[in-house]
Amino acid sequence: MSPTPPTAPAAPAATPLATPLPDDPRWPRAGAWPALDDGDERLDAVVLGIGTHATSLSATGAHATPAAVREALRRYSPHAAGTQVDALRVADAGDAVDPDRDEDAATALVARAAGRARLVIAIGGDNAAAVPAALGSWGASIGTAGLITIDAHHDLRDGRSNGSPVRRLLEAGLDGRRVVQLGIQDFANSAEYVQRARDAGITTISRDELEQQPLAAIAARAVSIAAAEGGPVHLDVDVDACDRSVAPGCPASTPGGLSAWQLRTLVRAIVGHGAVRSVDLTEVDATADAEDGRTVRLTALCVLESLAGLAGRAVTAPAS
């Protein structure tokens, strides 16, 4: 039986930005997307929140993060060179209610969004959010589905926590031969869980390997493995894969992790492949971030990088 998880701090109410942002009609702001309605119009993307936190292995206020990320999005423009992010039809499906207690409802929220859009972006929450995010996106296609994680950890622990989502997805029917884990770090996993990953057929691309090969090539390889059976691919982005200097709001981030640029590049490159149907962004505790909000801001930028990857799918390089 897993130990009783530590008590998490209460989520603070969402607060307005400390300094009013300038209003420039020529500089539109990201975020503030309309609420997902009950119609049948096809959308490009749907954003939603899954604020899991109660079973975290370390105390976390990650349930405050979806609101904080939405607020941080206002600091950025929806413009990205070479894409048409600002032309995408995006809606916000709101937040899953108490997803730790009612994971089925969170899964249904994602499924509803996936039924309307080419891409679902789920903002966590700790990494337990990856389970309803992936299952809701895959639906009955789990038998052919694939998973890519960007994470320092294998997340194959026993029990139910933010350390077990990959194991739980395997037990739900995901084939480990279509799981690719990017950024796995030394001193962040045990030998037993490393062996569990090998036994499941998981492809591991270590933190070191991400320095030795072009990120676009790594992204393409990961998608080719995850999408080998033609099913939908889910991208699980655990922001604690990043260096602690850029992700102090992640309880398990360590010195020597990915740079902010590497994370953003990988997210855009992976989502740029049409097999990717959903993304989650997890393990950020907005209540423990640096004063400048750098971890939350990085997460908000990963929302936008996901949209840039989606928009870039339709972009064809000009003939030479």
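Mentor: Buried means under 20% relative accessible area, exposed over 50%, and partly exposed in between, with a 1.4 Å probe and protein chains only. This is a predicted model, where local features need pLDDT of at least 70, side-chain atom pairs count only at pLDDT 80 or more, and totals for chains, interfaces and linings use all residues. Residues are numbered from 1 along each chain as its sequence is written, and side-chain values use heavy atoms, with hydrogens and water left out.

Trainee: Is Thr282 buried or exposed?

Mentor: Thr282 counts as buried because its relative accessibility is 0%.

Trainee: Which strand does Thr282 lie in?

Mentor: Thr282 lies in β8, residues 276–282. Strands (E, at least two residues) and helices (H or I, at least four) are DSSP runs numbered from the N terminus.

Trainee: And what does Thr282 touch?

Mentor: Leaving out residues up to four places away in sequence, Thr282 touches Gly124, Asp126, Asp236 and Val239, among others. Contact means heavy atoms within 4.5 Å.

Trainee: New topic. Why is β4 largely enclosed?

Mentor: Five of the five residues of β4 (residues 146–150) are buried, so the rest of the structure largely encloses that strand. Gly146, Ile148 and Ile150 are buried on one side, and Leu147 and Thr149 on the other.

Trainee: Which strands do bridges join to β4?

Mentor: Five bridges join β4 to β7 (residues 233–238), and the two run parallel. Four bridges join β4 to β5 (residues 179–184), also parallel. Two strands pair if DSSP finds at least two bridges between them.

Trainee: Which residue is the bridge partner of Gly146 in β7?

Mentor: The partner of Gly146 there is Val233. In β5, Val180 stands opposite Ile148.
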